[in-house]
Amino acid sequence: MAYGAIGCLELTIGRLLNSSHISIVQNSSPQIIKLLYDEIISLKEALAEVNEKRSTINIKMVKTLEAEIVDAVYKFEDVIDPHLLNQFHSLQSDEETDHPPLMVFSVDVQEIKQDVDSFIETMNKMKRAYIHELHNPSPEEEQDDDEFVPSRTYFYGNNESNMVGLSDLFMKIKNRLYSSQSERLIVSLDGMAGIGKTTLAKKLFRDPFIVSRYSRLVFVTIGPKYRLADILVEVLTQVNPDIDEIMLMKGEKVLAGLKRMVHKSLKYLSHLIVLDDVWEKEICYELMKVFPDDKNGSRVLLTTRLNEVAECAHPLSTYRVPFLDKKESWELLRHKVFDAMPCPHELEKPGKKIAENCEGLPLTIVTVANILSKADKTLAFWNTVADEKQNWVYRDAYDQMSKVLYPSYDYLDQHLKACFLYLGAFAQNNWVYGSQLSNVWSAEGFLNSKSMHYSETAMTSTNRTHAYLYELYSNNVIMYKIEVFCYRLHSSFWHLCNIEADKNKLFYALNYRSDALLEEGIESKRRLCIRNNVLLAIEDVHSAIASASTVRSLLCTGYFHEYPVPLCLEHLRLLRVLHALSVRFYEFPMEVVKLVQLRCLALVYDRNLPPSIFKLLNLQHLIIHRHLRIIQSVGNLSYLPVEIWNMKELKDLQIKGRDLPHPCRDGSLLPNLLKLGGVGPQSCTKDVLEKIPNLKVLLINIELAPDSTHPLSCFDHISHLHELEVLECDVVNPILNTEVVTPIAPLSNFPSSLTMLGLTGLGYPWEEMRKISSLPNLRHLVLKCYAFRGPKWEVRDNEFPKLLNLQIEDTDLEQWTFQNDECIPAIKLLRIVHCYKLKEIPLTFGTSLQIINVVDCSPMAVNCANKLKHDRDDKYVEDKHSLDLFVRSSWDDRNIKS
């Protein structure tokens, strides 16, 4: 967690050096701040070295050193943060005015020079010790058997014929392994810890059909800490059990000798080698050089938690193991609790709910089932377990599972660890928008400035959220809901995150009154997470929070609370993050404007913001949601105060139902603003857009006023935004006429930089699509709620040259055709939702299309999708150009309740 802590300090010191409104007094040794910043970067780089040395280091010693670094950083922050706060306040009090000029603070660091010198010296010592430990690891203590347990739970015992939920995937992989391809084939399985990868691999390894095919079969478990020599010895002993002697030389000679022996032992023999629990792609590449490829149909099957490792296989030979559905979860739970005996009828209903509470992870189901099998099988007890997601049965199961889950966290790259644990601050099972996570992570200093870009990989999978989320998802430690671009933790990982976050001093959660009344108090906590907002109104809890003067972040992450509660902000003077989107404010909390170190402010507030908001000159993320949506008339619109143009550090501004004011002053410019959301057409004028030249994301909400009669000019000046990558325009109250009418906001020229476009409720005729289809960099197109209207759409030659994802939802389209085979040549994902009139889908998609998702569409549309898949399957065998089709029709789904 030291990497996250040093990142927070880096952001603070970097602001002193680079902020447009801060200058360091020249007679106070300003060069020492530059030296401090350089030392911080140097230490951060040293901490990142652990990513490359995880398989060889003494992890306990490294963690001890990192804990010392965290303590030193926190101690120094408790010196510099109050010093800066006092200087900001004293300077602001000297310049009180209703409409201030641009403010520049002169900061004197002379008073803390000795503390800075001491901290630099401490950091240098710690960095040297850390680097020495990485390159010269301390001897490790004898490891107990229960110290590290890889994911080796075998869920189904010996009854392999009844493997729940994996049968289809088993057959698909079996056919892949048994394909006629003579060249060596690498097949990979990835998925969350405890999802059944090893179980599936063992079943394949023992399948009689597979066994009869190969001359040699090898199953090797690798794990996160390994020695290549040990792996090679294990392969040798399985290939040739009668081998008398393994060369006992030392150094490179023994390794080279082992490689030759393995290669020679496998030469000309067809073989299946299972590499189980692989954590690094380098070991895969190394072993592939050793294993011979004699064009005899040999296969390598690897299992891993990491998508990066799984990609060592061909893209069409990588398989992600899915979670079990409700039916499969209950089948597994019932089997593990009652074995061959029937489940008592009265326990079926609570039993199904208990299985559902395990959230589809087989390891959770099996662990919970083991606990239930030893407990009273009474209706009262099972009902209690079913109704309480925090019941001791689940907590006990999560504790038992933690040894399996922990390596998934422990072996994350340094820059991901704090971000991952931070997800545990949100309520259990709560889906969180990726943009929310990016905001708080950025404000906390967890995001590397070098990584602050919208990468192609991240864009493809997470729709404009930060690449860190994509990395966490690829590491199979978080869950992702593609329909709404939200993320959450599986409850087992949520439990682990809360334990580790408290242990590593990342955040402290208040769920109950007793959590605030600890004997040692909560004064030293760095971040407070309020999961029950009512606690803020309890006097002794309020007093306890007020005493926590070192708190830098206050997160209200419980369920939405529409009644006002006090936040005691006057006592939390060092806050950097105030995230309170689950609390409704009737009056703006004026104490906020005194929190001059605030970097992220997120509130629910319906009225106008006060002009004094400009005092938050360090603010990077301003998110103001509305509780009530009131459609304003044309002449009664809501604007931000003009002082917003003084807030030069703003990166993300989300202000639902409000607009940017006209930039009427010289110097009105927001040069760092990257994202603007929730605004209407009034924020899309030429004067406004020219003042936000570096904008990358623009989210427009159109609320049609009752007296609105003229078309809106949302897009007339969009071409001025040369850096724009993401554009969404939603009509929140669309007028759905029976015929195509004049569009609400006529289309204009979009910037060529655009990579994602989302339109909702705008009612364009399909002919207008030509203004979009020629965009050279467009990757993602989402059309919802009659964004386009009319019965026919023909895609023409060479349109959408780089489009990867297309979603069409809720339209009156009937016939969708292609002019030829060259249309939408790069598409990978097609999603069609609630298109009840659609009769025809093009059948000439190219081989790039990998997934079709059809939800609640006409039977004719489903038939077209099925024909498209069957034609692909008939034309291309052995998965070389496989097409996955997912159809969901609620009228055929027995699980849907009417």
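W816 is buried, with a relative accessible area of 0%, in a structure that is a predicted model. The ring of W816 is stacked with that of W793, because the two planes stand at 0° and the centres lie 5.3 Å apart. The points below begin with these aromatic contacts and then turn to the strands.

- Because W793 belongs to strand β25 (residues 792–795) and W816 to strand β27 (residues 815–818), their pair ties together parts that are 23 residues apart in sequence.
- W793 forms a further pair with F800, and this one is edge-to-face, with 6.4 Å from centre to centre and 85° between the planes; both W793 and F800 are buried.
- Ring pairs join W793, W816 and F800 into a cluster with Y764, W766, F788, F818 and F845, while the structure as a whole holds 22 aromatic pairs.

**Arginines over tyrosine rings**

- R320 lies over the face of Y473, at 4.5 Å from the ring centre.
- R526 is placed over the face of Y74, at 4.2 Å from the ring centre.

- Strand β6 (residues 299–304) is mostly covered, since six of its six residues are buried.
- R299, L301 and T303 point one way from β6, whereas V300, L302 and T304 point the other way, and the residues of both groups are buried.
- Strand β3 (residues 185–190) runs parallel to β6 and is joined to it by six bridges, and within this pairing V187 has L301 as its bridge partner.
- Strand β5 (residues 271–278) also pairs with β6 in the parallel sense, over five bridges, with L272 standing opposite R299.
- Between β5 and β6 the chain passes through helix α10 (residues 281–290), and this β-α-β crossover is right-handed.

**A three-stranded antiparallel sheet**

- Strands of a sheet pair through backbone hydrogen bonds, in either a parallel or an antiparallel manner.
- An open sheet of three strands has the order β8-β10-β9, and its pairing is antiparallel.
- Its edge strands are β8 (432–433) and β9 (479–481), each of which pairs on one side only.
- β9 and strand β10 (residues 486–488) run antiparallel and are joined by three bridges, and Y480 has Y487 in β10 as its bridge partner.

Key. Residues numbered from 1 in each chain as written. Predicted model: local features only at pLDDT ≥ 70, side-chain atom pairs only at ≥ 80, totals over all residues. Heavy atoms only, no water. Buried < 20%, exposed > 50% of the residue type's maximum accessible area, 1.4 Å probe, protein only. Helix = DSSP H or I, 4+ residues; strand = E, 2+ residues; numbered from the N terminus. Pairing = 2+ DSSP bridges. Right-handed = clockwise from strand over helix to strand, strands pointing away. Phe/Tyr/Trp six-rings, centres within 6.5 Å; stacked < 30°, edge-to-face > 60°. Lys NZ or Arg CZ within 6 Å of the ring centre and 35° of its normal.
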